[in-house]
Amino acid sequence: GEREALQAAAVFLDERMREIKNAGRLMALERIAVMTALNLSDELLRLKKIEKHRQDHVDSRIRLLVGELDDALGEQLG
């Protein structure tokens, strides 16, 4: 499983590097690699921020529902 995941990651990275290379500007391989790494890092950070926001929203909704459930159970038991 790990080998296949690494191969898929290598293919993905190669595709991204080719996109930058084909964007038109002539660059050294090292510069293409750095630009790709920066783009992927930016994308990862944006996705992490979105995921954190989503998780915070889900947590908030769960707390709200637990509170409503507690209130409903308290009314029926009280």
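**Ground rules.** I am working on a predicted model, where local features need pLDDT of at least 70, side-chain atom pairs count only at pLDDT 80 or more, and totals for chains, interfaces and linings use all residues. Residues are numbered from 1 along each chain as its sequence is written, and side-chain values use heavy atoms, with hydrogens and water left out.

**Overall form.** I looked up the secondary structure and found 2 helices and 0 strands. Helices here are DSSP runs of H or I with at least four residues, strands are E runs of at least two, and both are numbered from the N terminus. Helix α1 covers residues 2–21, and helix α2 covers residues 29–77.

I then checked the dimensions. The C-alpha trace spans about 75 × 30 × 15 Å along its principal axes. The radius of gyration is 23 Å, whereas a compact globule of 78 residues would have one near 12 Å. That radius is taken over C-alpha atoms, and the globule rule is 2.2 Å times the number of residues to the power 0.38.

**Burial.** Buried residues make up 8% of the 78 residues. Buried means under 20% relative accessible area, exposed over 50%, and partly exposed in between (1.4 Å probe, protein chains only). I looked at K49 in helix α2. K49 counts as exposed because its relative accessibility is 65%.

**Salt bridges.** How many salt bridges does the count come to? I get 5, taking a side-chain nitrogen of Lys or Arg within 4 Å of a carboxyl oxygen of Asp or Glu.

- R18 and D14 meet at 2.7 Å, N to O. Both lie in helix α1, 4 residues apart, about one turn of the helix. D14 has 33% relative accessible area, so D14 is partly exposed.
- R46 pairs with D42, with the closest N and O atoms 3.1 Å apart. Both belong to helix α2 and are 4 residues apart. R46 is partly exposed at 47%, and D42 is partly exposed at 41%.
- D56 and K52 meet at 2.9 Å, N to O. This pair also sits in helix α2, 4 residues apart. D56 is partly exposed, with 36% relative accessible area.

**Negative patch.** Which residues form the negative surface patch? I listed E68, D70, D71 and E75. D71 lies in helix α2. Patch residues have over 30% relative accessible area and no salt bridge, with like charges joined within 9 Å.

Notes: Patches are made of residues with over 30% relative accessible area and no salt bridge: like charges are joined within 9 Å, nonpolar side chains (Val, Leu, Ile, Met, Phe, Trp, Tyr) within 5 Å. Accessible areas come from the Shrake-Rupley method with a 1.4 Å probe; for residues, only the protein chains shown count as cover. Lys and Arg count as positive and Asp and Glu as negative; His and the chain ends are not counted. The place of a charge is taken as NZ of Lys, CZ of Arg, CG of Asp or CD of Glu.
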